[in-house]
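Could you walk me through this structure?

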Amino acid sequence: MPSLLLWDDQGLRNFDTWTKSPSYYPKRCEWEILTNYRHDIARQFPATSVLIELGCGNLMKTAWLLAAMEKERRHVYYYALDVSDDALYKNLNSLKKQFIDSQFISIAGLSGTYDDCVEWLASSASLPASTITFLWLGNSVANMPQQDVSILLGQFHQACRKMSADCNFLISADSCADENRILKAYDPTSGSSRVFLFHGLHHANRLLGQAVFKEEEWNAIPEWDKVLNELRYSYVPKKDVHLDVGKLQVTLKRGEPIHYFMSGKWNESQVGSIAEGAGLEVGKTWRDTQKEYCFYLLQSTTSASSVVGHKEIAERSLI
Ligand SMILES: C[S@@+](CC[C@H](N)C(=O)[O-])C[C@H]1O[C@@H](n2cnc3c(N)ncnc32)[C@H](O)[C@@H]1O
């Protein structure tokens with residue numbers, strides 16, 4: 001099942017509630033980095049630039065970063081992208097109010113998926129500045145397989161090249177290696193983490209127009225991959241279930257997993273390889289004191305020939 005099922009306005013509310021729970025360590029780490037380094041991060045930006053945020057969520061961290069950029073007198077044309085429509089409009093309105101008198105920050109919204117954003121950029125003749133930075137916070141980068149991330153970054157990179165724009169990414173990623181700490185934060189059995197992790201079933205029911213999935217018939221089962229440093233979730237039926245979706249009839253055996261969500265906890269070398277696959281390299285980094293979280297500035301490598309299309313990346317990885 002697509003992980004996008006976790007995200008809509010209710011999904012985003014579930015996520016925000018979950019991040020307030022004491023066991024959800026990533027939020028504290030990320031805020032520590034922003035508190036300590038937001039001005040240094042802001043100073044890495046040129047005098048004028050475009051900032052496109054991928055999956056902007058509640059915009060709380062964005063507001064802090066934009067305030068730091070304003071203080072550092074950086075002109076920023078900010079575009080917030082998200083699939084959670086109503087939340088995007090609501091949160092963007094309050095962000096706009098915050099910067100209404102700003103001479104440095106201008107704000108716009110983009111409703112759609114990452115792929116929609118690639119398409120929009122590829123068909124844009126130009127944007128208001130010649131440096132484009134993609135902001136991707138909250139470890140969202142690691143909600144998809146590493147190869148898919150390389151492909152997506154490469155597509156954004158290519159779209160920038162087409163506009164003759166410089167392309168950077170500011171990404172925050174969770175690199176916690178403590179399996180118990182991770183599993184406690186992502187507990188599927190109770191509390192706000194459970195509500196977040198089961199929302200995919202309810203969202204699927206809404207899209208299908210009927211209660212195909214009954215929560216009480218399912219477990220959400222985590223699996224920690226020690227080699228790739230990735231936590232993967234599957235919905236697993238507690239007994240044999242028959243899913244009746246009009247013409248589509250599916251029977252699943254008890255214990256048969258349906259994969260739907262992953263959260264990578266990638267280290268710097270993994271992030272470096274992903275960047276490399278997209279013709280990018282790791283520039284400056286900012287970490288929390290426990291070294292469990294990291295902000296990465298990914299920059300274009302100088303040679304234009306290092307920007308490869310997703311077909312070439314797929315072929316390379318086949319080799
Ligand atoms: C983990 S949350 C992070 C939110 C915010 N960036 C933060 O750091 O708090 C992921 C966000 O990305 C959005 N999202 C997930 N998949 C997406 C996709 N394929 N395209 C666009 N937005 C997506 C979700 O709606 C959600 O707001």
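Predicted model: local features only at pLDDT ≥ 70, side-chain atom pairs only at ≥ 80, totals over all residues.

Numbering starts from 1 along each chain as its sequence is written, and side-chain values use heavy atoms, with hydrogens and water left out.

Stay with the ligand for a moment. There are 18 residues around it, and Gly 55, Lys 61, Asp 82, Ser 84 and Tyr 114 come nearest; to be near, a residue needs a heavy atom within 4 Å. Now for the polar contacts, meaning pairs of N or O atoms within 3.5 Å (within protein, one must be able to donate a hydrogen and the other to accept it, and residues adjacent in sequence count only if both atoms are side-chain atoms). A polar backbone atom of Gly 55 sits 2.7 Å from a nitrogen atom of the ligand, and a backbone N or O atom of Tyr 114 is 3.0 Å from a ligand nitrogen atom. Ser 84 uses its side chain instead, with an N or O atom 3.0 Å from an oxygen atom of the ligand. The ligand taken alone exposes 590 Å², and the protein buries 92% of that (Shrake-Rupley areas with a 1.4 Å probe; for residues, only the protein chains shown count as cover).

Next, strand 4, residues 131–136. Helices (H or I, at least four residues) and strands (E, at least two) are DSSP runs, numbered from the N terminus. Six of the six residues of strand 4 are buried, so the strand is largely enclosed by the rest of the structure; buried means under 20% relative accessible area, exposed over 50%, and partly exposed in between (1.4 Å probe, protein chains only). In a regular strand the side chains alternate between the two faces of the sheet. Here Thr 131, Thr 133 and Leu 135 point one way, Ile 132, Phe 134 and Trp 136 the other.

What flanks this strand? Strands pair if DSSP finds at least two bridges between them. Strand 1 (residues 48–54) runs parallel to strand 4 and is joined to it by four bridges, with Glu 53 opposite Leu 135. Strand 5 (residues 166–174) is also parallel to strand 4, over six bridges, and Asn 168 is the bridge partner of Thr 133. The chain gets from strand 4 to strand 5 through helix 6 (residues 146–162) in a right-handed β-α-β crossover: with the strands pointing away from the viewer, the path from the first strand over the helix to the second runs clockwise.

From strand 5 we move on to strand 12, joined to strand 5 by seven bridges in an antiparallel arrangement; Phe 169 has Leu 298 as its bridge partner. Strand 12 is mostly covered, with six of its eight residues buried. Strand 11 pairs antiparallel with strand 12 over six bridges, and the two form a hairpin with five residues between them. In that turn, Lys 291 has a positive phi of about 55°. Thr 289, in the loop between strand 11 and strand 12, is exposed at 66% relative accessible area.
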